[in-house]
Amino acid sequence: MSHDLRTPLAAIKASASALLDQSIAWSPNDRNELLTAIDEESDRLTLMVSNLLDLSRIEGGALIPDKDWQDVQELLQDVLNRTVRQTSGHRVNLKVEDDLPVVYFDYVEISQVMINLIGNAAKYSPPNSSITISAQQNRDALRIAVTDTGSGIPPGRLPHVFETFYRAHDEGTISGSGIGLAICRGLIEAHGGRIWAYSALDVGTTVTFEIPIDPNVRISAA
């Protein structure tokens with residue numbers, strides 16, 4: 001975790017210091033590259049800090065969703081706009097069932113779940129591969145799934161992917177803190193929902209969650 005926090009900080013510091021160096025006449029393209037690096041690494045750091053704060057609230061029992069009736073299509077479009085950089089090297093498909101009802105949830109927290117899931121899908125999939133996001137009503141619940149076409153998760157590791165600081169892929173191959181899916185589980189469970197993953201080697205991974213549509217109705221059994 002310490003390494004993951006220091007990496008974007010180091011990149012931001014290096015780029016900012018370079019721009020402040022009066023002895024270098026940066027070309028417009030070079031300046032833009034440095035500013036883009038600062039912007040992207042700041043977003044990465046913000047996400048990690050947000051995840052850590054959420055993890056702290058979850059583990060401290062202080063997470064209370066601020067729920068209201070929300071439009072699912074609107075939330076998904078917002079999340080896709082906010083993750084456009086992460087998914088820029090992929091083909092993103094959005095499949096939303098017609099006539100989805102409004103759903104009672106915390107907009108910020110479910111957005112965070114989606115950002116984490118989409119970020120993982122982009123991170124663990126090869127360039128130009130597809131990522132599919134689907135949303136549908138499943139009896140009394142809203143069901144959302146994020147599917148990638150990456151290398152998949154080994155069967156022995158799949159049951160542990162929602163554990164805090166657990167990484168399903170070998171250390172050093174792809175950077176990550178191992179808290180994203182743990183955050184997703186905590187946020188979904190705080191909504192009275194459930195989350196699970198299915199994966200096949202060399203085919204890809206699907207992470208699915210369900211939350212109640214109406215707070216007065218319990219999610220039906222799968």
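These legends describe several close-up views of one predicted model. Residues are numbered from 1 along each chain as its sequence is written, and side-chain values use heavy atoms, with hydrogens and water left out. Because the model is predicted, local features need pLDDT of at least 70 and side-chain atom pairs count only at pLDDT 80 or more, while totals for chains, interfaces and linings use all residues.

**View 1. An open sheet of five strands has the order S2-S4-S5-S7-S6, with mixed pairing.** Helices (H or I, at least four residues) and strands (E, at least two) are DSSP runs numbered from the N terminus, and two strands pair if DSSP finds at least two bridges between them. Strand S2 (91–96) and strand S6 (194–200) are the edge strands, each of which pairs on one side only. From one strand to the next, the twist averages 15 degrees. Angles run from 0 to 180 degrees between N-to-C directions, and axes are lines fitted to C-alpha atoms, for helices over the stretch in contact.

**View 2. Strand S2 runs parallel to strand S4 (residues 130–138), and six bridges join them.** Within this pairing, Val96 stands opposite Ala135 in S4. Helix H3 (residues 72–82) packs on the sheet and touches S2, S4 and strand S5 (141–148), its direction making about 170 degrees with that of S2; contact here means heavy atoms within 4.5 Å.

**View 3. Strand S5 pairs in the antiparallel sense with S4, over eight bridges, and with S7, over seven bridges.** The hairpin of S4 and S5 has two residues between the strands, and in it Arg139 takes a positive phi near 55 degrees. Six of the eight residues of S5 are buried, so this strand is largely enclosed by the rest of the structure; buried means under 20% relative accessible area, exposed over 50%, and partly exposed in between (1.4 Å probe, protein chains only).

**View 4. Strands S6 and S7 (residues 204–212) run antiparallel and are joined by seven bridges.** Trp196 stands opposite Thr208 in S7. Three residues lie between S6 and S7 in their hairpin, where Asp202 in the turn has a positive phi of about 65 degrees.

**View 5. Helix H4 is mostly covered, with 14 of its 17 residues buried.** At 1.5 Å a residue, the 17 residues of H4 (residues 107–123) should span 24 Å, which agrees with end C-alpha atoms that are 24 Å apart; the expected span is 1.5 Å times one less than the number of residues. Asp106 caps the N-terminal end of H4, where a side-chain oxygen lies 3.0 Å from the backbone nitrogen of Val108. Gln112 has its place in helix H4 and is buried, with a relative accessible area of 9%. Leaving aside neighbours within four places in sequence, Gln112 is in contact with Leu47, Ser50, Asn51, Asp54 and Leu187.

**View 6. The structure holds one aromatic pair.** The rings of Trp69 and Tyr104 have their centres 5.0 Å apart and their planes at 55 degrees, so the pair is tilted. Rings of Phe, Tyr and Trp (its six-membered ring) pair if their centres lie within 6.5 Å, and planes under 30 degrees apart count as stacked, over 60 as edge-to-face and the rest as tilted. Trp69 is partly exposed, with a relative accessible area of 42%, and Tyr104 also counts as partly exposed, at 27% relative accessibility.

Definitions and conventions
A polar contact is a pair of N or O atoms within 3.5 Å; within protein, one must be able to donate a hydrogen and the other to accept it, and residues adjacent in sequence count only if both atoms are side-chain atoms.
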